[in-house]
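Here is a short briefing on one protein chain. Keep the sequence and the 3D view open as you read.

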Amino acid sequence: MNEKIKNNLPFCLVTSDATRYILPATCYLYDKYWRQTYTEPIRVLGNNLGGEKIPAGFVFVKIKDDNNIRKWTKYIHDYVEKNIVEDYFVFSLDDYLPNAPVNKEMIEDLIELAKMHGKVGRISLARLDVE
């Protein structure tokens, strides 16, 4: 596996003006469970941080000045297309909260599987046995 991916898997965490209040909890959990394994700064994509603070290891990226919900996904797409050069990266929403340490071996295996089969658009890291 590519050494860069092995140690620094790009991560985009999307927030919105309506949900940014959850960022302190979200950042705490990703810092606790994700950043012990992958050291690349987590990019928090949104329009405004408001009064919310994000800790070291997280970088806020303003994706657009206006808050046009109809174009929200286009703004995210445009950012990813222009700024993520790696073939694989993690994409999550601010209210998807990790609850256990990262299984790095599993993620590396999933990336290898995607490489073997090509044209894989998404691999979910969510548990499937939760109702």
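Buried means under 20% relative accessible area, exposed means over 50%, and partly exposed lies in between (1.4 Å probe, protein chains only). By that cut-off, Glu-40 and Arg-43 are both buried. The model is predicted: local features need pLDDT of at least 70, side-chain atom pairs count only at pLDDT 80 or more, and totals for chains, interfaces and linings use all residues. Residues are numbered from 1 along each chain as its sequence is written, and side-chain values use heavy atoms, with hydrogens and water left out.

**Overall fold**

- The chain holds 4 helices and 4 strands; these are DSSP runs, with helices H or I of at least four residues and strands E of at least two, numbered from the N terminus.
- Along the sequence the pattern reads α-β-α-β-β-α-β-α.
- The radius of gyration is 15 Å, close to the 14 Å that the globule rule gives for 131 residues, so the chain is as compact as a globular protein of that length.
- That radius is taken over C-alpha atoms, and the globule rule is 2.2 Å times the number of residues to the power 0.38.
- The C-alpha atoms fill a box of roughly 40 × 35 × 30 Å along the principal axes.
- Of the 131 residues, 34% count as buried.
- Contact means heavy atoms within 4.5 Å. Among contacts between residues at least 6 apart in sequence, 67% join residues at least 24 apart.

**Salt bridges**

- A salt bridge needs a side-chain nitrogen of Lys or Arg within 4 Å of a carboxyl oxygen of Asp or Glu. The count by this rule is 5.
- Asp-17 pairs with Arg-20 in a salt bridge at 3.2 Å, N to O. Asp-17 is partly exposed, at 22% relative accessible area.
- Glu-40 and Arg-43 form another salt bridge, with their closest N and O atoms 3.6 Å apart.
- Lys-74 and Asp-78 meet in a salt bridge at 2.7 Å, N to O. They sit 4 residues apart in helix H3 (residues 72-83), so about one helical turn separates them.
- Lys-74 is partly exposed, at 46% relative accessibility.

**A buried charge without a partner**

- Asp-94 lies in the loop between strand S4 (90-93) and helix H4 (104-117).
- Asp-94 is buried yet has no salt bridge. Its nearest side chain of opposite charge, Arg-20, is 8.9 Å away.
- For charge, Lys and Arg count as positive and Asp and Glu as negative; His and the chain ends are not counted.
- Leaving out residues up to four places away in sequence, Asp-94 touches Leu-13, Val-14, Thr-15, Ser-16, Thr-19, Arg-20, Ile-22, Leu-23 and Thr-26.

**Surface and the segment after H4**

- The chain exposes about 8,500 Å², and carbon and sulfur atoms supply 52% of it. Areas come from the Shrake-Rupley method with a 1.4 Å probe; for residues, only the protein chains shown count as cover.
- Met-106, Val-120, Ile-123 and Leu-125 form a nonpolar surface patch, with about 310 Å² of accessible area together.
- Patches are made of residues with over 30% relative accessible area and no salt bridge; like charges are joined within 9 Å, and nonpolar side chains (Val, Leu, Ile, Met, Phe, Trp, Tyr) within 5 Å.
- Val-120 lies in the segment after H4. Val-120 is partly exposed, with a relative accessible area of 37%.
- Lys-119 also lies in the segment after H4. Lys-119 is exposed, at 90% relative accessibility.
- Lys-119 has a positive phi of about 50° although it is not a glycine. Most residues other than glycine have a negative phi.
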